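Dear colleague,

I am handing over the structure below, and after it I set out what was found. Please read the notes with the model open beside them.

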Amino acid sequence: MSTTRPPSPRPPREDLLIAAAGLVGGVAMWALGLFNNPRPPLGGGWVLLPLAVMALAEALRRTAPSAALALGAVALAGDLVTRSLLATIVMFSDVVYAAVLYGGPRLSRAVPPASAALTAAVTVGTLTAVRDPQALLVGFVCGLITVGPAWTGVIVRDHRNAAAAERLRAEQTALLAEMDRVQAVTAERSRVARELHDVVAGHLSAIAIHATAAQSLDDRAATGDALAVIRENSVQGLAEMRRLIGLLRTAGGDEEVFAAPTLDGLDALLAHARRHGAAGGLSFALRDERSGGPLPAPVELAAYRIAQESLTNALKHASPGEVTVVLTSPGGDGEGEGNGGGGGEGSLTITVTSPCDRRPGPRAPGSGAGLVGMRERAELLGGAFVAGPVEAAGGTRWEVRAVLPLGESARNAADGGSGGDGGDGTRRRGGA
């Protein structure tokens, strides 16, 4: 079975021009009688043969550096036993330089010490044979055409390798920067999606619930009340939408400052839920069993949003009965509830329970994004989140439970990990 070898690479045009120039220059020196060795062992036109072989080596300086160096060494030896042309010697020095610069790693490492060893051997041998200090000039010339080009090639090769490494490092840095940018954009989109869902979904759910009631009732007064609630929630929802759009559009640093919601606003949130849930037989209660000092701003914001979304889901899905919001905090004794405790600095636990007996269907449609957003808020603070049905004395209830640590995770979030909420409980427009 015959195999076809791939064609060998053609010598670059520049190398062919260098070889042609050296050959022409050597022939011109031969014609003018410019020789280095006036009494050689071989006279006549024999000097042109090493010149031609050296020109061939020059043509192969980049495509086959090892072969070029071997041919060059043979041609130089032949040149020294003839009349010797300067063009042949100059071309050999270029072949040595190219062998170090373009050869493989082993060749580039071997040529410089071999050149130094050859120069030392020639110098010592000449001094031993001639016993004249002028023989040192022979060693100097030998070093000039071997050691000099070899170490020049080493320097240039090292610079090229360093430049290639810097280019690779720059490409890696650019790739990492692009990955960071994509991750930052993705995280920001997720944060904006959570904010949009949390601040608008409640209003839209109320609109859907009261619109359904207005369609199903023939009572003109009840229909008028439902339309009034729809208008109120529409106005509030539009205001929240404009605020979020302003956050996205504004890029300056002198925008107005407005307070982020805190747990002190839970009373107003439950009052709003009572107004919209009364028609469905829902009542709402808050039990604040916290102890200790003030909470980190990211924890308060996350707890408020989790309570807000839980109440919105209760309005849409809960059966008639009482919806309870319970806040507990161990006050920094290190015995936080759940598996999301903040080490030795306690945790805040928020639990929202609502009746979930079987019913024909929700009063308003849901997409499931609320549970995802609540879980993300808890996990961003290093906490834990669970939601699902639980068996209680009064029947099956739906329980949402989030444990938010008050320690290092909350401080990291306050420094910027919470997605733009300042540690002082405020947020700037354009800072999202």
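The crossing of helices α1 and α2 is right-handed, where a crossing is called right-handed if the near helix is turned clockwise from the far one by less than a right angle, and left-handed if anticlockwise. Before going further, please note that this is a predicted model, in which local features need pLDDT of at least 70 and side-chain atom pairs count only at pLDDT 80 or more, while totals for chains, interfaces and linings use all residues. Residues are numbered from 1 along each chain as its sequence is written, and side-chain values use heavy atoms, with hydrogens and water left out.

Helices (H or I, at least four residues) and strands (E, at least two) are DSSP runs numbered from the N terminus. Helix α1 covers residues 13–32 and α2 residues 48–59, and the two pack at an angle of about 165° with their axes 8 Å apart; axes are lines fitted to C-alpha atoms, for helices over the stretch in contact, and angles run from 0 to 180 degrees between N-to-C directions. That angle makes α1 roughly antiparallel to α2, since angles over 145 degrees count as roughly antiparallel, under 35 as roughly parallel, 65 to 115 as roughly perpendicular and the rest as oblique.

Across this pair, residues of α1 including D15, I18, A19 and W30 meet residues of α2, among them L48, L51 and E58, contact meaning heavy atoms within 4.5 Å. E58, in helix α2, counts as buried because its relative accessibility is 1%; buried means under 20% relative accessible area, exposed over 50%, and partly exposed in between (1.4 Å probe, protein chains only). Leaving aside residues up to four places away in sequence, E58 touches D15, I18, A19, M91, D94 and V95.

Turning to the strands, five of them form an open sheet of mixed pairing in the order β2-β3-β4-β6-β5, two strands being paired if DSSP finds at least two bridges between them. The edge strands, each pairing on one side only, are β2 (282–289) and β5 (384–392), and the twist averages 15° from one strand to the next. Strands β5 and β6 (residues 395–405) run antiparallel and are joined by nine bridges, with E391 standing opposite T396 in β6. Helix α9 (residues 266–277) packs on the sheet, where it touches β2 and β3 (321–328), and its direction makes about 165° with that of β2.

Finally, the cysteines: the count of disulfides comes to zero, a disulfide being a pair of cysteine sulfur atoms within 2.5 Å. C142 counts as buried at 11% relative accessibility, whereas C356, at 24%, counts as partly exposed.
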